Amino acid sequence: MTTLVTKGIKISVRTTFEGTFFKNYKMHFAFGYTITIENQSKDSVQLTGRHWQIYDSLNDMEVLDGEGVIGKKPVIEPGESHTYNSGCLLASPIGAMKGHYNMVNLSSSEKFRVYIPTFKFHAPFALN
């Protein structure tokens with residue numbers, strides 16, 4: 001598991017290899033990830049957006065921006081957490097992701113970023 005704390009918000013990431021499949025005559029590697037966002041601060045916060053940098057060892061970096069996570073903009077109270085699952089398709093068995101969440105402190109209306117640590121993807125058969 002990979003973790004990082006920014007402004008009292010702890011991000012923990014766990015990855016899994018889901019398997020391979022062919023799409024458009026090309027092999028793809030499917031990876032899953034589970035992210036837990038834990039509010040260790042004294043204020044309620046809301047996640048409003050996300051920014052991802054996706055690295056695939058056979059392709060250029062891909063950047064994705066969007067609202068919320070999996071269709072939600074969760075409010076996370078002090079001492080509480082929000083967990084969600086998502087996934088990524090790569091053209092190679094090795095890659096990584098990193099990024100940040102856009103957050104709002106609901107007490108002060110301050111907007112801030114919470115950084116997501118770099119987490120790696122690797123198919124078990126791709127490593128020595």
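Residues are numbered from 1 along each chain as its sequence is written. Because the model is predicted, local features need pLDDT of at least 70 and side-chain atom pairs count only at pLDDT 80 or more, while totals for chains, interfaces and linings use all residues, and side-chain values use heavy atoms, without hydrogens and water.

User: In what order do the four strands of the open sheet lie?
Analyst: Strands here are DSSP runs of E with at least two residues, numbered from the N terminus, and two of them pair if DSSP finds at least two bridges between them. Strand 1 (2-6) and strand 7 stand at the edges with a single partner strand each, so one side of each has no neighbour in the sheet. The pairing is antiparallel, and the order is 1-2-3-7.

User: How many bridges join strand 2 to strand 3?
Analyst: Strand 1 and strand 2 pair in the antiparallel sense over five bridges, and T2 has V13 as its bridge partner in strand 2. Strand 2 and strand 3 also run antiparallel, with I11 bridged to I37 in strand 3. The number of bridges joining strand 2 to strand 3 is 14.

User: Which residue in the turn between strand 1 and strand 2 has a positive phi?
Analyst: Strand 1 and strand 2 form a hairpin, with two residues between them. The phi in question is about 50 degrees, and the residue is K7.
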